[in-house]
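These are my notebook entries on a two-chain model, written with the sequence and the coordinates open side by side.

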Amino acid sequence: MSNITDIAARIKDFIEREFPQPGAELTLSTNLLEEWFIDSLGIVNTTLFLESAFGIEVRRADINAANFRSIETLARYVAERLGGGG
Amino acid sequence: MQRLAIEYLINTRKRFPDKTAIVDGKESITFGELWRRSICLGYWLRTSFNATNMPVVVSMPKSIPAVVAILGIQLSGNIYVPIDVDSPPARKKKMLDKLGPHLVLESSGEGFTCAGSECNMEELAASVDLELAEEVVAAGLEQRINLDPLYIIFTSGTTGTPKGVTITNAGVINYIDWVVETYDVTGEEIIGSQAPFFFDNSVLDIYLMLARGCTLHLLRTDHFLFLPTLAEYIRENMVSFIFFVPSVLVSMTRLDLFSHYDLSCLAKVLFAGEAMPLNTLRYLRKHLPRALLSNLYGPTEITVDCIYWIFGEELEHLENVPLGIPCRNAEIILLDENGDVVTEPDTVAEICVGGIGVSPGYWNDLERTREAFIQRPAQGAYRSIVYKTGDLGYISGKDNLIYMVGRKDHQIKRQGYRIELGEIEAAFNLLEEITQSCAVYDDARKEILLFYTTFNRKPKEDAGRKARDYLPAYMMPRRVIHLERFPLTANGKIDRGALRSYTDSEHS
């Protein structure tokens, strides 16, 4: 069972690969929507990544600004969906 | 007989004064109030600046005041120019320079500002006699004719200077009347508006609302960021009519939102602006079995659209998504490289458009106007102008529909063969699981590269092998690359330039 640190590391890895921003530093608390360019397609792809990488179902209503704010919030969400891991 | 597009509002506000015209988040406005504000602004512009047929730039975000600006400018006898407020300053400057003498209208607190003067809506409404304002405005409009420009919308030019496409009142009236009839639009329609006002798809949204008294919902940009909120909004507000770019529908499909949300309120789904992938179209058919699904096509230089198709039973057997047949009063001809008309079916040539919807040309740019708007070949008896779209297509011998294969500038030559990158994309789009594909040509290496995305986000290992069923060897891409997402331009289309540099960065 992944703990929240592992989850966050995998999400960070995905975001860096998916939305590379040379020269900028991505941290767990970086605001993905304001400081890291994520567009509508990016949110769709991140959602599908979370579903396939962690085997969870992202409830469609959970695709919102609160959960997508940072890697931290995304990781917490995944852990919650996995059943309290972390 | 209708002369000016603004007459739609003049008639509708009398029929439905208390009906909601526009909803923007928590704000809304009735037709009566929309009229009152527009006439005040029109009167103020007319009496303050004494200009006619002058471009007035609407530099404001998509909102109710932006619609008031668009209407007020028309009422003042001038031409509105919606521009992207987020456009880089250098690009904005190029557009304003191209306009020559012009005014810029911006929103401010209680009203508008223009050339240093302020128009406070509430003060103006209190101090101006509405009847007098209507008389002054009507007297000004008396002088206008249906061929007067209604709006100018900028489109990118290959040389880097945007071109200001001029569109007439007559073009918009012809288009809107055709849309109303073809799609049976009544006042009951609830329209969800996606397109920004500087993109001409929004002309359909705005003028259907005005012509029929429909309610127009300005969909917020964050709905398009978090698409489930868009689905929820559509369901909650019973939106019945949308005219979206295919990319949005592709993303909604990938999240399977049509299963997660009851979107059966969507009775009419129209799309235009780029190619609609066949798999997305079939998904929509499956999930909205009773909805009208229609593809439309038209560059900015034609009043919104000139070709359309409403999908029926044939959808099941299609191998490619057709553009369809000409809209009313649009003539489509295909011209080959020598400028001769092509009449044989299944022969790829440049799509050229004639008719009342054709723009009179690029504002302040006769040279580029002459290049793109030409005298119809083999027609010497009278002046008849067609616009060369730069898009390549053919008329299928099988179903007599017009199909597009790509841009003229996406045409390449390889081993002596002429190749349309669009044709390669069409072949990959036929494969199961593939949501979208894009072929680019690496000129330096003389290689075709094909990028694609899939429904399940995983690479489709046999994509290249399967595509051989549809493509001759010389058209096969050298590399087939799976992407999780396509880079997009500001207009939401695939950024081909970025794809080309993607390969550069990989090689270096």
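How many helices and strands does the secondary structure of chain A come to? I found 3 helices and 0 strands in chain A, where helices (H or I, at least four residues) and strands (E, at least two) are DSSP runs numbered from the N terminus. Read along the sequence, chain A gives the pattern α-α-α.

Before going on, I noted that this is a predicted model, in which local features need pLDDT of at least 70 and side-chain atom pairs count only at pLDDT 80 or more, while totals for chains, interfaces and linings use all residues. Residues are numbered from 1 along each chain as its sequence is written, and chains are lettered from A and ligands numbered from 1 in the order in which they are written.

Next I looked up burial, counting a residue as buried if 20 or more other C-beta atoms, placed from the backbone, lie within 10 Å of its own. Of the 86 residues in chain A, 33% are buried, and for the 508 residues of chain B the figure is 50%.

For chain B I recorded 17 helices and 27 strands, with C-alpha atoms that fill a box of roughly 75 × 55 × 45 Å along the principal axes.

Last, I turned to the contacts between the chains, a contact being two residues whose C-beta atoms, placed from the backbone, lie within 7 Å. I found 17 residues of chain A in contact with 16 residues of chain B. Helix α2 (residues 40-54) of chain A supplies the largest share of chain A's side, 10 residues.

Technical notes
Buried ≥ 20, exposed ≤ 12 C-beta atoms within 10 Å, placed from the backbone.
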